[in-house]
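Dear colleague,

I am passing on the structure that you asked to look at, and below it I have set out what was found in it. Please read the notes with the structure open beside them.

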Amino acid sequence: MSKPGKGVVKAEPAPIELDFARTALVIIDMQRDFLEPGGFGETLGNDVSQLSRAVKPVAAVLAAARENGLLVIHTREGHLPDLSDAPPAKVERGAPSLRIGDPGPMGRILIRGEAGHDIVPALYPLKSEIVIDKPGKGAFYATELGAVLKQHGIENLVVCGVTTEVCVHTTIREGNDRGYRCVALADGCASYFPEFHDLGLKMIKAQGGIFGWVSDSASLLEALAAARMAS
Ligand code: TIU
């Protein structure tokens with residue numbers, strides 16, 4: 001496959017030029033534990049149907065990223081079966097119907113290797129794609145993500161997934177502080193709280209793009225198609 005080209009992506013607060021050879025598509029935590037009934041998200045009292053709207057836009061950008069040869073990175077939030085990487089402050093938090101590590105209908109809640117921890121079938125990673133397992137909300141904390149991005153010469157992160165104001169936000173904040181240009185795809189992200197989704201995106205792009213840009217799946221697809229035509 002030839003190297004992906006460059007393109008200008010419509011975004012706020014301003015369009016952004018991306019060298020797609022130096023851009024990774026980062027898909028955050030599109031796991032059954034967050035999107036399906038019986039998983040971690042539902043144990044916290046959330047309406048998991050709120051997240052399904054992100055699946056189609058993410059599937060579209062995932063297909064385009066694969067076609068255009070962009071680096072694709074999937075992340076999964078979860079813990080080792082012995083919970084040695086799960087801080088008590090996280091496990092003991094709140095009053096969920098089941099706690100992290102408890103047995104649920106999709107296996108133990110938020111535990112690596114269990115059915116609930118897996119990525120939803122519509123967005124399943126190819127064997128060749130990178131999957132980052134993360135114990136926290138941000139994808140950089142206690143993971144190999146930084147090293148992987150360096151190894152691939154990545155400068156820009158196009159970020160989508162769930163949830164907008166928790167793991168997507170934390171990852172964009174972490175990435176921004178590490179010098180990456182981070183672009184959130186509005187329709188490729190979702191929250192259990194639509195108002196947090198809207199505000200979360202506003203926070204990223206406020207103040208001249210204080211920690212990133214906000215675009216959408218159609219704008220990314222358009223820029224990728226134009227880059228392909230030009231090459
Ligand atoms: N609860 C919630 O909104 N999110 C998380 O716990 N993790 C992620 O966002 N992946």
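Four bridges connect strand β1 (residues 6-9) with β2, and the two run antiparallel; strands count as paired if DSSP finds at least two bridges between them, while helices (H or I, at least four residues) and strands (E, at least two) are DSSP runs, numbered from the N terminus. Before going further, please note that this is a predicted model, in which local features need pLDDT of at least 70 and side-chain atom pairs count only at pLDDT 80 or more, whereas totals for chains, interfaces and linings use all residues. Residues are numbered from 1 along each chain as its sequence is written, and side-chain values use heavy atoms, with hydrogens and water left out.

Within this pairing, Val8 has Glu17 as its bridge partner in β2, and six residues lie between β1 and β2 in the hairpin that they form. In a regular strand the side chains alternate between the two faces of the sheet. Strand β2 (residues 16-19) has Ile16 and Leu18 on a covered face, and Glu17 and Asp19 on an uncovered one. The loop between β1 and β2 contains Pro13, which is joined to Glu12 by a cis peptide bond with omega of about 10°.

**Around the ligand**

An N or O atom in the side chain of Asp29 is 2.7 Å from a nitrogen atom of the ligand, and one in the side chain of Lys137 is 2.9 Å from an oxygen atom of the ligand. For Thr163, a polar side-chain atom lies 2.9 Å from a ligand oxygen atom. The ligand taken alone exposes 280 Å², of which the protein buries 92%; these areas come from the Shrake-Rupley method with a 1.4 Å probe, and for residues only the protein chains shown count as cover.

Thr163 lies in the loop between β8 (156-162) and α6 (164-177), and a cis peptide bond, with omega of about -10°, joins Val162 to Thr163.

**Aromatic pairs**

There are three aromatic pairs in the structure; rings of Phe, Tyr and Trp (its six-membered ring) pair if their centres lie within 6.5 Å, and planes under 30 degrees apart count as stacked, over 60 as edge-to-face and the rest as tilted. One of them is formed by Phe34 and Phe40, whose ring centres are 5.9 Å apart and whose planes stand at 90°, so the pair is edge-to-face. Both Phe34 and Phe40 are buried, where buried means under 20% relative accessible area, exposed over 50% and partly exposed in between (1.4 Å probe, protein chains only). Another is the pair of Phe193 and Phe196, which is tilted because the planes are at 40°, with the ring centres 4.9 Å apart. Phe193 is partly exposed at a relative accessible area of 32%, and Phe196 is likewise partly exposed at 38%.

His79 is in the loop between β4 (71-77) and α4 and is buried, with 0% relative accessibility. Its side chain makes a polar contact of 3.2 Å with the side chain of Asp85. Not counting residues up to four places away in sequence, His79 touches (heavy atoms within 4.5 Å) several residues, among them Lys90, Leu110 and Pro135.

Lys90 belongs to helix α4 (residues 88-91) and is buried, with a relative accessible area of 17%. Leaving aside neighbours within four places in sequence, Lys90 has contacts that include Glu77, His79, Leu110 and Lys137.

Leu110 is found in the loop between β6 and β7 (130-134) and is buried, with a relative accessible area of 0%. Phi of Leu110 is near 60°, a positive value in a residue other than glycine.

Pro105, in the loop between β5 (103-104) and β6 (107-108), is exposed at 66% relative accessible area.

Conventions: Polar contact = N/O pair within 3.5 Å; in protein donor to acceptor, adjacent residues only side chain to side chain.
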